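Let's take a walk through this structure by way of its pockets. Have a look at the model first, and then we'll go through what lines the open spaces.

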Amino acid sequence: MGVTTALPAAELGLYSLVLSGALAYAGRGLLEASQDGAHRKAFQESVRPGWEYIGRKMDVADFEWVMWFTSFRNVIIFILSGHVLFAKLCTMVTPQLRSWMYAVYGALAVVGTMGPWYLLLLLGHCVSLYVASLLGQPWLCLSLGMASLASFKLDPLISWQNGFVTGTFDLQEVLFQGGSGFTVLRCTSFALESCAHPDRRYSLADLLKYNFYLPFFFFGPIMTFDRFHAQVSQAEPVRREGELWHIRAQAGLSVVAIMAVDIFFHFFYILTIPSDLKYANRLPDSALAGLAYSNLVYDWVKAAVLFGVVSTVARLDHLDPPQPPKCITALYVFSETHFDRGINDWLCKYVYDHIGGEHSAVVPELVASVATFAITTLWLGPCDIVYLWSVLNCFGLNFELWVQKLAEWGPLARIEASLSEQMSRRVRAVFGAMNFWAIIMYNLVSLNSLEFTELVARRLLLTGFPQTTLAVLFVTYCGVQLVKERERTLALEEEQKQDKLKPE
């Protein structure tokens, strides 16, 4: 009940006003905290000179972001521009061979970046999973894939394989982990698809063309082999009407997002402040809640920018890559929470949906979620903080199903049935608000630190109870209602679109 129910416009307007005011108030507190702490000794390493002509310093605590858009910016632009030009030329001259050209260019780029021995190392993993696929046993392919992934995540094998990289540079560890990890997932997808469709007889060449497609190689997103092979095998790809306009819009949006993050980091030191717990503890409750929320929003923006740039290049190559991750602001259920849609699709297809089925039974759902988060833990790199993150999110995912089953229980179901649809939506939004903060706290553990998460939880739930707790929940409730209204509008638009397509 309440899913497709509209609320009065005045009520939604009040929610918008409350949410806007709360965000502005929290933002003001963060801005003042950033200004006051700019010259703190604890901030010297991660707050560096920025716009010196107006005296603004910049938060440079995120090593990857700084490297992407400073020392490695020109290299990234050069390599991706070369791929675009090379791919366009091949598509015009020999479109039937374009998949080969993508693979050759990608392999050369890997050799130029990481060295020939690293390429041979990855080829060894590719061949081993290709051989496993010939046996037609999915359990063997998945087991070997996870063993290969573990070899890149656990010592002493990770140190030994890291020695295959030529030279040393700032982003070496990031590129090594990205290229190796995504290679294993792609090869495992190939092997599992080969087992699922033995009549199609995929070759080793198909695997190499899939794995060494450069835009996806180091940072993803990952496309499952069946989707990639079907799209890249089109002899004469044709663009849909308006597709080029959408590609330009996506590229422009990525540039705007990069500029917005750069401007934001000159005024809000959201990554540096949590590292100084003594200073963070001085923040007012509203600013501290905003700080926790903004850390997750930034991680989403970072992923969206990375996938946006890569996806723009992929769409120029006539591919349809996975969509960017769903904005954290629009998430209030664990089942939709992910920061990498490609890996999420991979896990759902080969593990989560395969074991959990319709995700309506408690025991199969528990087994499916445990298996999924076990693989996710291996992907992220086993350590104490990842174990904790996996346990918390696995619990949250299952707890949602338990609450849903409880709500369907006779007495509670009758109580909800006695409510109006609008009131049912309001009650569900209250639980959505609490779930929203559970998602933030559970993911803040890995995105920031356990100590900062403990500080936020203590301030919002203990020392701030009940005023701060209820105020934060009410503001979040307003946000959840606005998200629900947006979802309702989109669902109605999609329904109207489908009605128009039906024959009369």
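Start with the largest pocket, which has 48 residues lining it. If you want to find its centre, look for Asp-299, Phe-339, Trp-379, Leu-380 and Leu-447, the lining residues that lie nearest to that point. Keep in mind as you look around that this is a predicted model.

Which elements build that lining? Those giving two or more residues are helix 2 (63-68), helix 8 (172-196), helix 14 (285-316), helix 15 (341-356), helix 16 (362-380), helix 17 (384-407) and helix 19 (421-447). Helix 14 hands over the largest share, with 7 residues. The lining also draws on two domains: domain 1 (9-54 + 251-303 + 318-501) and domain 2 (71-233) each supply at least three residues.

Now move on to the second largest pocket, with a volume of about 1,500 Å³. This one is lined by 44 residues, and Glu-400, Val-403, Gln-404, Arg-428 and Phe-431 are the closest to its centre. Helix 17, helix 18 (410-418), helix 19 and helix 21 (467-501) are the elements that give two or more residues to its lining.

How do the residues lining the second largest pocket divide? Here you'll find 24 nonpolar, 9 polar and 11 charged residues.

Technical notes
Residues are numbered from 1 along each chain as its sequence is written. This is a predicted model: local features need pLDDT of at least 70, side-chain atom pairs count only at pLDDT 80 or more; totals for chains, interfaces and linings use all residues. Side-chain values use heavy atoms; hydrogens and water are left out. On a 1 Å grid over the protein atoms alone, a cavity is a set of points where a 1.4 Å probe fits but cannot get out, and a pocket is an open set with protein on both sides within 12 Å along at least five of seven lines; lining residues have an atom within 4 Å of a point. Helices (H or I, at least four residues) and strands (E, at least two) are DSSP runs, numbered from the N terminus. Domain bounds come from an automatic or database domain assignment. Grid points are joined across faces, edges and corners, and a volume is the space filled by probe spheres set on the points. Ala, Val, Leu, Ile, Met, Phe, Trp, Tyr, Cys and Pro count as nonpolar, Asp, Glu, Lys and Arg as charged, and the others, Gly among them, as polar.
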